[in-house]
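Have the sequence and the 3D view ready, and let us walk through them together. We will take one topic at a time.

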Amino acid sequence: MKWSRELRIARRSLKTAMRAATAMAAARARMPGAPASASDRTRADFLTIEDFGSNPGHLAMQVYLPAGGDRPHQPLIVLLHGCGQTAESFAHTAGWIALADQAGVPLVLPEQAERNNQGRCFNWFLPGQTARGGGEVLSIRQMVDAAVQRFASDPRRVFVAGLSAGGAMTVALLAAYPDAFAGGAVVAGLPVGAAGSVSEALRRMAEAGPVRSAAEWADQVRRIAPASYRGTWPRVSVWHGTADRVVDPANARLIAAQWAALHDLEHVEPETLELPGAQCERWPTAARPAVELWRVTGIGHDWPTGTTRSIARFWQIAD
């Protein structure tokens, strides 16, 4: 019986890998030309920056400057693209460029390379890439430091959002550097500690898990965070389409439970809002929610329309 179950899981994982590959191929077909690689060269309002740190994760850094240029003391938003996407195409299609122009907020756009991952996915499942002080998370942290200094951004209002592998890397980044981010947003992602290898990642994309209590999921974050960290955990907005066939939508509830437990809210009944085409659960602390979970009816493995504005309101950087 156990072997039959393992075979069923393996078949689901293979199907998931094939769906992910198809999604990545479709994303590549929609991509614009790759950004120029010359140091500090602008293309419209995009700036490529090469000298931002030791860059152990070998990622590329772009910045989008909003219309009117950079203004001091503004928030800073980091965006982590999905597999097969460019950073620039993700920022455009998800609506972040429009929001950046309206709010006057610079965007930091890390970009994955094929030499790191053939699907150009962030390596959210590899401990060497997600542990504080090394790998891809340190490269992104160095980008944040460089951007805060260069654009005089408010270091207390740095936020990160990501889609799919970028969403899973978002929570990994929040876990490794909770002292650097005020909040995050995860769309079609997976919780911290769900996988530690490619095979485990494919399995958890097909079937959310493993079975853990909310407190045990929170401990997965604490293992990555600094041992001495006693500060406030970042606020997290979680989104998932109910028709996603690439990443099991049940992962969204695990992420929400993980971060609610970090905020000591695992025993608090969330507020539930029923909206046309979506359901939202919110775990409040004082006057504002610390964690929210959105399930969007009929949406597949994609960034739902209207999500960006809602996330910005959750972060309190837009009306």
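## About the model

This is a predicted model, in which local features need pLDDT of at least 70 and side-chain atom pairs count only at pLDDT 80 or more, while totals for chains, interfaces and linings use all residues. Residues are numbered from 1 along each chain as its sequence is written, and side-chain values use heavy atoms, with hydrogens and water left out.

## The disulfide

A disulfide is a covalent bond between the sulfur atoms of two cysteines. Here the term is given to a pair of cysteine sulfur atoms within 2.5 Å, and that rule gives a count of 1 disulfide. Its partners are Cys83 and Cys121, with sulfur atoms 2.0 Å apart. The link of Cys83 and Cys121 is right-handed, with 125° about the S-S bond.

This pair links distant parts of the chain, 38 residues apart: Cys83 lies in the loop between β4 (76–80) and α2 (87–93), and Cys121 in the loop between β5 (107–111) and α4 (127–130). Helices (H or I, at least four residues) and strands (E, at least two) are DSSP runs, numbered from the N terminus. Residues count as buried under 20% relative accessible area, exposed over 50% and partly exposed in between, using a 1.4 Å probe and protein chains only. Cys83 is buried at 18%, and Cys121 is buried at 10%. Another cysteine, Cys280, is buried with a value of 0%.

Start with helix α6, residues 165–176.

In helix α3 (residues 96–103), the buried residues are Trp96, Ile97, Leu99, Ala100 and Ala103. They fall within an arc of 165° seen down the axis, so they line one face of α3. That arc is taken from the directions from the helix axis to the C-beta atoms. Just after α3, Gly104 has a positive phi of about 70°.

## The nonpolar cores

A nonpolar core is a set of buried Ala, Val, Leu, Ile, Met, Phe, Trp, Tyr and Cys residues joined through side-chain atoms within 4.5 Å. The largest has 66 residues, of which Met61, Val78, Trp124, Tyr177, Phe181 and Trp259 touch the most other members. A second, separate core of 34 residues includes Ala188, Trp294, Ala312 and Trp315.

Conventions
Expected span 1.5 Å × (residues − 1).
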